[in-house]
Structure formats: C-alpha cells, structure tokens
Amino acid sequence: MAASENGLLLPSVEIPRWQRHAEYLTAGMMSEWGCEVICLFAPDVVGTGHGNGHQYQVVECWRQDETQPSRTVWRALSSLVPNSFRDEKDYLVVRQSLKQCSVLRLGAEPGPFAKPGWFGDLRSWVGETIGPLGYQLKGSFRQLNADPSFSLIRFDTNGPAVWFKAVGEPNQHEFPITLTLSHLFPGQVASVLATKPNLNGWLSPEVVGTNLGETQNIEHWKSAAAALARLQVDSIGRQGDILRSGARDLRLSVLLDGVAPFFDAMRPLMEEQSKVPPPPLSGRELQYVEEQIRRALLFVQRLEIPDTLGHLDLNPWNIIDGLTQCTFLDWAEACVAHPFFSLEYLLEHFRRAIGALPSVEAELVTSYAREWEAVQPHTTVASALTRAPLLAAFAYAFGSNFWNDECRYKTASTAGYLRALTRRMSREANGLIDQVSQ
C-alpha cells in the first residue's frame with residue numbers, strides 16, 4: 001500500500017486499451033512500484049458498494065526490487081479500519097479479497113491459478129523439467145494471461161526461453177489437441193517438453209523466428225501460406241487422430257447436413273433485426289444464399305480434395321516464420337475441414353493487418369496453391385479456390401456453434417454477429433455467381 005496525507009492508497013497501474021492486462025499490470029508494478037507480482041484473480045466486489053471506476057486485481061508479491069526505493073508500506077490487517085484509506089471502497093475490496101483468498105486455500109473453485117502459492121510450485125516444476133536438458137531458470141519472467149483457469153507465462157533461462165500454457169473451460173480441448181498435433185507434426189507445431197495434466201498445461205520451448213504479427217514483409221506472409229498448405233497435405237490420412245483429440249468436425253459432409261438447420265435459425269434472427277442500416281436479408285435472399293452454399297458444397301465435394309487439419313483463427317501472432325519452416329501456435333480453434341477454408345482465414349487476417357491489396361493477395365494464394373498442385377491437378381485446385389470464400393464464411397459461422405445455442409444467439413451481440421456473417425455469405429454468393437459466369 002502507498003501512504004498519503006489523506007490515507008492509504010492501493011498501488012495502481014494505468015493499462016492502455018486493447019492490451020493484455022496481466023502483462024501491463026505486472027510490468028507496471030515492477031517499474032512503478034518496485035515489486036514483482038503474480039496476478040491471481042479479479043475479486044468479487046459485488047456488495048462492497050464500490051463504484052469508483054477502478055478495476056481491481058488480487059496479486060501475490062513474488063519479489064521486491066531491492067535496488068529501488070520502496071513506494072509502498074506493509075500494514076497488518078488487524079490495524080486497518082475503513083478510514084485508514086483515502087477511498088473507503090479500497091478497504092472494502094481488500095477485506096473481500098482476503099476473504100476470497102482464505103476460501104481458495106481450502107480448495108474451492110474457481111481455478112488453480114487463483115490460489116496463492118501456485119506460481120512458486122510451477123516455477124519449481126519448470127526448473128526440474130529443464131534441468132536435465134542443461135538449462136536453468138533465470139530470474140525474469142512475463143505473465144501474459146491472468147485467469148483462475150488459464151495461464152500463459154514466459155520464463156527466461158540460460159538458454160532458449162520456455163513457455164507454460166494452461167487452459168480451462170471452454171478451451172480445455174486445446175490441451176489434448178496440442179499434445180496430438182505436436183506429436184504428429186514436429187516443427188510445424190510447437191513441441192511439448194512436459195505436461196501438467198492436473199492443470200491442463202504444458203511447457204514448450206520458445207520458437208525462434210519472425211512473428212507474422214510483427215511484420216509487413218510479404219515474403220513472410222507468402223512463406224506462411226505455403227507452410228500452411230504443406231502442413232495440411234501432411235495431415236492427410238491423420239484426420240481420425242485429429243478429430244479424436246477434440247478438433248471440431250467441419251468436414252464437407254457435416255457442413256452439408258448443417259445447411260438447413262443453420263438457415264432455419266437465421267430466419268427469425270433476420271426478422272428480429274431492429275437496427276438499420278444494414279438492412280436485414282429477406283426470406284428470399286436467405287433462401288438464395290442457402291441454395292448457393294449447398295450447391296458449392298456439393299461441387300467441391302465432387303472434386304475429392306481430402307478434408308485436412310484446419311484452423312479457424314489463423315491469427316498472425318500465432319505464426320512464427322523460422323529460418324527453415326513456419327511454426328503454428330495456439331490450436332484451440334483446430335478443426336478438420338476442407339483445407340482451403342484456412343487459407344481464407346489467413347487472407348482475412350492479412351487484410352486487417354496489411355490492407356486490401358488484391359495483387360499481393362494473389363501472390364499469397366499462388367504460394368499456397370503451388371503446394372497443393374503437387375498432389376492435386378491445377379484445374380481442381382483453381383475450381384475449389386473459387387468456392388472457398390463463400391464456404392469458409394459458412395464454415396466459420398457454423399463452427400462457432402453460437403447459432404445452435406438459443407441462450408447465446410438470442411443475445412443482441414451474438415445475434416448481430418451471426419447476422420453480419422450471414423450478410424458476408426450473401427456478398428460472397430453474389431460474387432461467386434459473377435465470377436463463375438465470366
């Protein structure tokens with residue numbers, strides 16, 4: 001706590017919008033307050049009467065920077081009263097947070113990373129894991145994710161850095177998927193050094209190379225597109241293993257069966273739209289889009305390009321272009337689907353990161369298609385690529401499962417999101433007809 005003329009203050013850090021809270025908070029606590037901390041949980045302050053606009057986070061002090069003069073003081077809980085603080089709401093939150101910590105020590109939910117002391121145990125395990133490899137932990141680390149059931153931490157060593165990641169609901173499936181993919185596709189997917197099954201967590205060495213999210217060099221993007229195709233070709237024949245690990249099943253046969261129920265759910269959503277523009281799609285327009293998707297699925301199915309490993313969120317920050325190959329990270333959105341859908345998701349991220357550059361996009365598509373043309377005829381690849389934008393939009397919406405959960409898709413934000421995706425399908429369907437008719 002910090003002392004002031006008007007009472008005690010809790011340490012505070014200003015976090016820029018859209019930034020990782022845990023990373024900025026822990027860095028700010030070190031640079032501004034000289035204390036290395038681990039984030040535990042956001043306290044449940046309902047009923048404390050707080051309303052000062054602050055967001056609170058319970059942290060555990062890991063180490064004090066002795067080289068900096070301390071701006072904080074320690075106080076015994078028994079010595080604190082409401083008027084000890086400049087803002088009485090801080091006192092109420094402190095009391096509530098300590099009460100929650102006491103309950104968590106008894107093994108109560110919400111998750112393992114909310115309990116005090118977990119970081120020390122984890123750090124010891126990491127040290128024991130990398131020791132036989134000839135490495136030792138250094139003092140520094142970065143906590144990028146702070147959640148009771150999720151964790152993402154980078155540990156510095158005297159060699160390559162290592163990353164610990166753990167996942168909880170609704171992404172627990174990422175744990176078995178990661179283990180399966182790292183075994184099937186070493187190098188193309190980050191390797192796993194060790195696992196903590198009780199935490200749904202694993203330890204991986206840092207992948208060295210250029211992060212696609214940090215570059216606008218088109219050569220890196222072309223390299224990623226080609227590497228994606230090679231990974232997918234390598235996954236042919238392994239679809240069963242990938243599905244059994246927990247990846248979503250978005251094979252063409254599954255999508256065909258899902259066309260009618262998906263659009264049955266979209267019709268009332270369009271009718272319920274109250275905000276315009278954009279205008280809702282009419283029943284006739286929806287019927288047209290539905291039919292075009294069904295025709296495109298049947299057309300692509302006849303081309304007999306095998307379903308492969310796919311990724312519904314090819315975020316450039318999860319692609320590392322190394323010296324000899326690209327490595328793909330974060331497989332919570334793994335699926336088995338028509339391969340060309342994943343290219344469309346990569347292209348969508350390219351447009352957001354670099355801009356809509358048709359000539360450059362064509363270079364990415366060529367880099368990707370060239371790899372597939374080693375195992376499929378050029379005409380087959382070209383025909384499937386023309387249908388990919390429409391079908392990728394449908395597969396993305398269908399794979400979200402929001403449309404099949406009435407409690408979720410009836411919320412305003414989810415309903416608007418699904419309507420936007422359906423309008424995107426409409427635009428792609430109209431564009432496909434124009435392209436095919438030329």
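The model is predicted, so local features need pLDDT of at least 70 and side-chain atom pairs count only at pLDDT 80 or more, while totals for chains, interfaces and linings use all residues. Residues are numbered from 1 along each chain as its sequence is written, and side-chain values use heavy atoms, with hydrogens and water left out.

Me: Why is Cys335 called buried?
Reply: Buried means under 20% relative accessible area, exposed over 50%, and partly exposed in between, with a 1.4 Å probe and protein chains only. Cys335 has 2% relative accessibility, and therefore counts as buried. Cys35, at 8% relative accessibility, also counts as buried. Across the protein chain, buried residues make up 46% of the 438 residues.

Me: How do you know that Cys335 is in no disulfide?
Reply: A disulfide is a pair of cysteine sulfur atoms within 2.5 Å. A search of the whole structure finds 0 disulfides, and for Cys335 the nearest cysteine sulfur, that of Cys326, is 19 Å away.

Me: What makes H5 roughly parallel to H10, rather than roughly antiparallel?
Reply: Helices are DSSP runs of H or I with at least four residues, strands are runs of E with at least two, and both are numbered from the N terminus. Helix H5 covers residues 218-234 and helix H10 covers residues 358-372; the two pack at an angle of about 30°, with their axes 8 Å apart. The axes are lines fitted to C-alpha atoms, for helices over the stretch in contact, and angles run from 0 to 180 degrees between N-to-C directions. Angles under 35 degrees count as roughly parallel, over 145 as roughly antiparallel, 65 to 115 as roughly perpendicular and the rest as oblique, and H5 is therefore roughly parallel to H10.

Me: Which residues of H10 make the contact with H5?
Reply: Contact means heavy atoms within 4.5 Å. On the H10 side the contact is made by Val360, Glu363, Leu364, Ser367, Tyr368, Glu371 and Trp372, and the H5 residues include Ile218, Trp221 and Arg230.
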